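Let's take a walk through this structure together, starting from the whole chain and ending with a few local details. Keep the viewer open as you read.

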Amino acid sequence: MQTWTEAQARLVEVAAGRAPADLVIRGGVWVNVHTGELLPGHDVAIADGRVACVLPDAAANIGPETQVIEAAGRYMVPGLIDAHMHVESGMLTPARFAEAVIPHGTTTIFHDPHEIANVLGLDGVRLMRDESLIQPITMLTQMPSCAPSAPGLETTGHPITAGEVAQAMGWDGIVGLGEMMNFPAVAAGDPAMLAEIAATRAAGKTVGGHYASPDLGRAFAAYVAGGPADDHETVAEDQAIARVRQGMGAMLRLGSAWHDVAAQITAVTQAGLDASGFMLCTDDCHAGTLVHEGHMDRVVRHAIDCGCDPVVAIRMATLNSARHFGMERELGSITPGRRADVILTSDLRALPVELVIAQGRVVAESGRLLVDCPRIEWPAAARSSVHLGRRLTAADFGVPAEGLESTVRVIGVIENQAPTRALTARLPVREGFLQPEGEVARIALVERHCGTGGVTNGFVSGFGYQGRMAVASTVAHDSHHMIVVGTCADNMAAAVARLDELQGGITVFRDGAELAHVALPVAGLMSEAPASEVAAAAEAANAAIRDCGCTMNNAIMQHVLLALVVIPELRISDLGLVDVTQFRMVEVVVK
């Protein structure tokens, strides 16, 4: 697609009626997100991948070679924008992710590849950027800010430095800084974190935020002063309002496991705040959700179901996000000069995505992808990222203790939410080791980047696992070591060995046999298989998890966040158990 500068002269000729368009959409209802109007009987003329004009009659732009699409009274909606997400969370490479979301009307993605940054460093970011730039939709990359996400509380495969952030700001396709998760460091004035933010601002780009704390006092004020421009970690109306009042953008997310829109959309629908400060996003969207439920169309429908006016909800998934990233003249509306990203739908509330145009091309119709999504060649280093250093045994998954029983700290999983609870439990001691029972299961983090052979052990509750079983995953936000949860140390060791063999993925074991697995050989995070195949494998893994006694919605998504040491309250890392409310290490056994 040509830049606006390259296309300017032709856009003028087409808009003036002196030249034919490449494509004309005729007779639709123009959903104008600038004014909030629904304007029937309009045509859209498109040239060089951009909107040339929107008029009641663009017949003068129809030449012998012009493609004509009859809207037949359907709504013409701007292509949807995901304001914040991680491609890797779909367990798909950028090309496969694009294939999955295009039929759902997503035409722009702002993605932060901090998952792969933790595994492969700056090289991984560049690979994600490279494949993103060749897609038929707009996929723009935020340079990861925090690898590790919390220095001193975890280690990672390749730490990101302030110098690397400054370097990446000069790359094509880099739209800003990824979510600044180390909010305590920003609030404390840490020079390295402030330098990353300053380099981004100096480049005229947007700083992504992540303030996962209920404290809205001085710490929050200091964080905002440090430069982050948005936050997607809000889970309640007052939190969203606090962000917007301070000039931040509130990103309301509906991912596979994070259902945070309903609790916050009331800031607009009931409290009556100006909606311009609010955006919609997915953050983390599983392949199964993409295939069976949708992507940003799902989020917009949900916002509407929560009482939001359809045009306002659409604006929150289009124009608001484009403006936030300084790209209003390029994206987010069906107006002259913008990239021609258009959805045709017959119902503004149900939002069936009947036809998708991206950058002036028809890319999907009636749920069918009509274009190719090019792929890069992933190097050997990206396909060989699991380095254990030794073969683990059942003896590696025990927590020693004295006496007959001990009080232990337990990570409490909360269904459909990213935060955990810091719980305690009284467990018996047998032969010098703590024995989990009831709701309490074992959890271990296995170091997989440097081959140290290190294992951190602890306890978790909320999954409801029964029998002799284990679930292991090399997707383990954010440092992406290997997380293993189970009731049986033998099965945990077997699951770890299987992921070493697969070079990454998710596996479920019971009674010494594998029930299901998802192979993720690219950085231990992604697959190059089609989304439908990955979704089927993931559903088989979820079914196996259910067979092991877990009734939780999308347990895999809950599992992979157990090492996320920037979201309260209690997490596990390669360095030990982390109290995220105080950002300090704590012992498993309560003294």
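**From the whole chain to its details**

Among contacts in the chain between residues at least 6 apart in sequence, 68% join residues at least 24 apart. Keep in mind that you are looking at a predicted model. The chain holds 18 helices and 29 strands. Its radius of gyration is 24 Å, close to the 25 Å that the globule rule gives for 591 residues, so the chain is as compact as a globular protein of that length. The C-alpha trace spans about 90 × 50 × 45 Å along its principal axes, and 64% of the 591 residues count as buried. Ala202 belongs to helix α7 (residues 191-202) and counts as exposed, because its relative accessibility is 71%, where over 50% is the cut-off.

Now turn to the sheet. Nine strands form an open sheet in the order β20-β19-β18-β22-β21-β24-β23-β25-β26, and the pairing is mixed. Its edge strands are β20 (433-434) and β26, each of which pairs on one side only. Strands of a sheet pair through backbone hydrogen bonds, in either a parallel or an antiparallel arrangement. For one example, look at strand β18 (residues 405-413) and strand β22 (residues 455-461), which pair in the parallel sense over two bridges. Here Gly412 stands opposite Ser461 in β22.

Which of its residues are buried? They are Ala531, Val534, Ala535, Ala538, Ala541, Asn542, Ala544 and Ile545. After α17 comes Gly549, with a positive phi near 105°.

The packing leads us to the chain's nonpolar interior. In soluble globular proteins, nonpolar side chains tend to be buried together. Here the largest nonpolar core has 118 residues, and those with the most contacts inside it are Leu280 and Phe463. The element that gives the most to this core is α17, with seven residues. What surrounds Phe463? Leaving aside neighbours within four places in sequence, Phe463 is in contact with Val413, Glu439, Val485, Gly549, Cys550, Thr551, Met552, Ala555, Gln558, His559 and Leu562. There is also a second, separate core of 41 residues, which includes Val186, Met248, Trp258 and Ala418.

Finally, let's check the backbone. Most residues other than glycine have a negative phi, and most peptide bonds are trans. Met91, however, has a positive phi near 60°. You will find Met91 in the loop between β6 (80-85) and α2. Is Met91 buried or exposed? Met91 is buried, because its relative accessible area is 4%, against a cut-off of under 20%. Ser366 has a positive phi as well, near 50°, and sits in the loop between β16 (361-365) and β17 (368-369). With a relative accessible area of 57%, Ser366 is exposed.

Two peptide bonds are also worth a stop. The bond from His477 to Asp478 is cis, with omega near -5°, and Asp478 is found in the loop between β23 and β24. Pro568 and Glu569 are likewise joined by a cis peptide bond, with omega about 5°. Glu569 is in the loop between α18 and β27 (570-573).

How values were computed:
Residues numbered from 1 in each chain as written. Predicted model: local features only at pLDDT ≥ 70, side-chain atom pairs only at ≥ 80, totals over all residues. Heavy atoms only, no water. Buried < 20%, exposed > 50% of the residue type's maximum accessible area, 1.4 Å probe, protein only. Helix = DSSP H or I, 4+ residues; strand = E, 2+ residues; numbered from the N terminus. Pairing = 2+ DSSP bridges. Core = buried A, V, L, I, M, F, W, Y, C linked by side-chain atoms within 4.5 Å. Contact = heavy atoms within 4.5 Å. Rg over C-alpha atoms; globule rule 2.2 N^0.38 Å.
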